[in-house]
Amino acid sequence: LGTVMRERSQELERLYAEHAKEVTKLTWLLGVTRGEVEDVTQEVWLAAHRTLAKRYNPNRRAWLFTITHGAVKTWRRTRKRRPEWSNDPDDGAEMVDVRTPETELDVQRRAQAARAFLQKAIPDDARRDALVLHEGCGMTVKDVAEATGVSVVTAAWRLRMARRDLERAKARMSAEEREKLRTLVVPFASVDEILDALRTPADSLVSDEEVARGWDRLSSRIA
């Protein structure tokens, strides 16, 4: 039993090293507040550790994203029941490392502004989640369907509706809102530019220090 547990922990460490930044980015893009991202990602990795021995999915990335989506849905349900436990998801907290060069800060701010715009433009969680998984994480429609527990037809429909919501929201933006975007160094000229900002590499959004801190906390919990 000790050997099995050790091998499982070693496999988790390999997965964590490879995918921790992407899982953190996805958790944030799906709307979890910056102050709660670490807690939610901890639950993702604990769930992954529990299921490593039970399930084998050769597409580990898609498997982790499925677990992440489930953890975020649980966070949303808890937040609805106990709103005092969480701040507003669009609380202005930026995923920005001020130590990075100015050009990198611009990239981070674009991602922050795109995330905030999605929260307002697509109020339906299911549609917004499908768009984030597809555009922000590069998942195929089939993988999005599996991650969200729906048919491929439903996943494709949600993606179409999400893009429609974005187009309509962009078209009805007030001059004041457009000016706010410009102050965030985000002169989005089209929906495609908003989606491109969602594709910001996880390395640009999540620091090595944050990853290391998360592993220290996780390893102590699975020991």
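Helix H7 buries Ala155, Arg158, Leu159, Met161, Ala162, Asp165, Leu166, Ala169 and Lys170. This is a predicted model, and its protein chain holds 10 helices and 0 strands. Of the 223 residues in the chain, 48% are buried.

**Overall make-up**

- Read from the N terminus, the elements of the protein chain follow the order α-α-α-α-α-α-α-α-α-α.
- Among contacts with a separation of 6 or more, 73% join residues 24 or more positions apart.

**H7 and its packing against H5**

- H7 consists of 20 residues and spans 29 Å from its first C-alpha to its last, close to the 28 Å expected at 1.5 Å a residue.
- Helix H5 (residues 125-136) packs against H7 (residues 152-171) at an angle of about 95°, and the two axes lie 8 Å apart.
- H5 is therefore roughly perpendicular to H7, since angles of 65 to 115 degrees are classed that way.
- On the H5 side, the contact is made by Ala126, Arg127, Ala130, Leu131 and His134.
- On the H7 side, the residues that meet H5 are Trp157, Arg158, Leu159, Met161, Ala162, Arg164, Asp165 and Leu166.
- By type, the residues of this contact comprise 8 nonpolar, 1 polar and 4 charged.
- Residues three or four places apart in an α-helix point the same way, because the helix has 3.6 residues a turn.
- Ser151 sits in the loop between helix H6 (141-148) and H7.
- Ser151 has a relative accessible area of 38%, so this residue is partly exposed.

**The nonpolar core**

- The largest nonpolar core has 58 residues, and the members that touch the most others are Leu12, Trp45, Leu118, Leu131, Met139, Leu166 and Leu218.
- In soluble globular proteins, nonpolar side chains tend to be buried together.
- Leu166 is in contact with Phe117, Leu118, Ala121, Ile122, Leu131, Val191 and Leu195, leaving aside neighbours within four places in sequence.
- Leu131 and Leu166 also take part in the contact of H5 with H7.

**Helix H2 and its residues**

- H2 (residues 37-51) has 15 residues and reaches 21 Å from first C-alpha to last, close to the 21 Å expected at 1.5 Å a residue.
- Because 11 of its 15 residues are buried, H2 is largely enclosed by the rest of the structure.
- The buried residues of H2 are Val37, Val40, Thr41, Gln42, Val44, Trp45, Leu46, Ala47, Ala48, His49 and Thr51.
- Gln42 in H2 has a relative accessibility of 2% and so counts as buried.
- Leaving aside neighbours within four places in sequence, Gln42 is in contact with Gly214, Arg217, Leu218 and Arg221.
- Gln42 and Arg217 are 175 residues apart along the chain, yet their C-alpha atoms are separated by 8.2 Å.
- Glu38 is also in H2, but at 21% relative accessibility Glu38 counts as partly exposed, since buried means under 20%.
- Glu38 touches Arg213 and Arg217, not counting residues up to four places away in sequence.
- Glu38 and Gly214 are 176 residues apart in sequence, with 7.0 Å from C-alpha to C-alpha.

- H3 (residues 60-81) has 22 residues and extends 32 Å from its first C-alpha to its last, close to the 32 Å expected at 1.5 Å a residue.
- Buried in H3 are Arg60, Ala62, Trp63, Leu64, Phe65, Ile67, Thr68, His69, Ala71, Val72, Trp75 and Arg76.
- His19 belongs to helix H1 (residues 2-29) and, at 7% relative accessibility, counts as buried.
- Apart from neighbours within four places in sequence, His19 is in contact with Trp45, Arg60, Arg61 and Leu64.

**Gln112 in H4**

- Gln112 lies in helix H4 (residues 102-121) and counts as buried, at 5% relative accessibility.
- Gln112 and Ala197 are 85 residues apart in sequence, and their C-alpha atoms are 8.5 Å apart in space.

Conventions. Residues numbered from 1 in each chain as written. Predicted model: local features only at pLDDT ≥ 70, side-chain atom pairs only at ≥ 80, totals over all residues. Heavy atoms only, no water. Axes fitted to C-alpha atoms, helices over the stretch in contact; angles between N-to-C directions. Helix = DSSP H or I, 4+ residues; strand = E, 2+ residues; numbered from the N terminus. Parallel < 35°, antiparallel > 145°, perpendicular 65-115°, else oblique. Contact = heavy atoms within 4.5 Å. Nonpolar A, V, L, I, M, F, W, Y, C, P; charged D, E, K, R; others polar. Expected span 1.5 Å × (residues − 1). Buried < 20%, exposed > 50% of the residue type's maximum accessible area, 1.4 Å probe, protein only. Core = buried A, V, L, I, M, F, W, Y, C linked by side-chain atoms within 4.5 Å.
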